[in-house]
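Please keep the sequence and the model open while reading.

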Amino acid sequence: MQTLGDLVAAAREREGVLFTAPERSAPYSYTDFGTNVWKGGNLLRHYGVREGMRVAVVVGPKNPTERDEPGYLREAPDAVLAFLAAALDGAVVDVDPPGAVDATALVAPAAWLDRYELGPGTKALAYGGPSDDPTVAQFERELWSENPLAPPAELAPDDPALAADETYTHGALLAASERVAADSDIDEGTTVALRAPITTAGALVAGVLAPMRAGGTVLLGRDSDEVADVAVAVDESVPEERVIRPADVSV
């Protein structure tokens, strides 16, 4: 694997469950997720996302409550899908955007859109909701009608993909995911509880990319009562005996 596009293409050919959560009525398969990332990449291209452009993604549940905080997933991986879709278009993605967003597109829960001031050229896409604003695109609704083929961007390992405390390339993220999977014995039979906010490279690598690369299953929801084989968490106050701290992941 050289780029995140390779990771997504491999997911489309893999059997099994990628994401599950207590609140989900059905698990989310590798095949369906990989196909939907391709659709998401083509959708974002309709709104002008191209190589080298910026995309902001706000991580959260579809319909946040007062207890929810940006950065944490609950029942659905829409933000992960948006991150990978934009990266497959060659964009540089910020998963912890500031209040004033200067990007080609902003993807966020509909209930949190009013927290952000959009630049004059920024297109807003909402998941959950729906939004009452007619200028906001409904991410899930438009996703389903998109072309289920790989976006046409040409990617290279040294292309930037993630903007966090620094900018991380496709190759660096993939190499880190391989190390985490090997060091933490994550394989096709492993369940990984994602209990940390995925606003850093370490959390994205350990909580999403490493299990995805190895064929494991990601348990969504930081407060889930289900006990996984390993947790990705900021500290060890979780039910899992094995814990990966995002701050300890070298990317």
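In strand 8, which residue is the bridge partner of Ala108? The bridge partner is Ala126.

## Basis of the values

The model is predicted: local features need pLDDT of at least 70, side-chain atom pairs count only at pLDDT 80 or more, and totals for chains, interfaces and linings use all residues. Residues are numbered from 1 along each chain as its sequence is written, and side-chain values use heavy atoms, with hydrogens and water left out.

Seven strands form an open sheet in the order 9-8-6-3-4-10-11, with mixed pairing. Strand 9 (137-138) and strand 11 (167-169) are the edge strands, each pairing on one side only. Strands here are DSSP runs of E with at least two residues, and helices are runs of H or I with at least four residues, both numbered from the N terminus. Two strands count as paired if DSSP finds at least two bridges between them.

Strand 3 (residues 54-57) and strand 6 (residues 105-109) run parallel and are joined by three bridges; Val57 stands opposite Val107 of strand 6. Strand 6 also pairs with strand 8 in the parallel sense, over five bridges. Strand 8 in turn pairs with strand 9, again in the parallel sense, over two bridges. Ala126, the partner of Ala108, also has Gln138 in strand 9 as a bridge partner. Strand 8 is largely enclosed by the rest of the structure because four of its five residues are buried, where buried means under 20% relative accessible area, exposed over 50% and partly exposed in between (1.4 Å probe, protein chains only).

Strand 1 (residues 17-20) runs parallel to strand 13 and is joined to it by two bridges, with Thr20 opposite Leu219.

Strand 12 pairs with strand 13 over four bridges, in the parallel sense, and Thr191 has Thr217 as its bridge partner in strand 13. Strand 12, helix 6 (residues 201-214) and strand 13 make a right-handed β-α-β unit. Right-handed means that, with the strands pointing away from the viewer, the path from the first strand over the helix to the second runs clockwise.

Helix 3 (residues 78-88) is mostly covered, with 11 of its 11 residues buried. Among them are Asp78, Phe83 and Leu88. Gly90, with a positive phi near 90 degrees, follows helix 3.

Gly171 is found in helix 5. Why does Gly171 count as partly exposed? The reason is its relative accessibility of 22%. Leaving aside neighbours within four places in sequence, Gly171 is in contact (heavy atoms within 4.5 Å) with Gln2 and Pro157. The C-alpha atoms of Gly171 and Ala161, 10 residues apart along the chain, are separated by 9.2 Å.

## Backbone exceptions

Most residues other than glycine have a negative phi, and most peptide bonds are trans. Asp185, which is not a glycine, has a positive phi of about 55 degrees. Asp185 lies in the loop between helix 5 (170-183) and strand 12 (191-194), and is exposed, with a relative accessible area of 57%.

Gly129 and Pro130 are joined by a cis peptide bond, with omega about 10 degrees. Pro130 is found in the loop between strand 8 (123-127) and strand 9.
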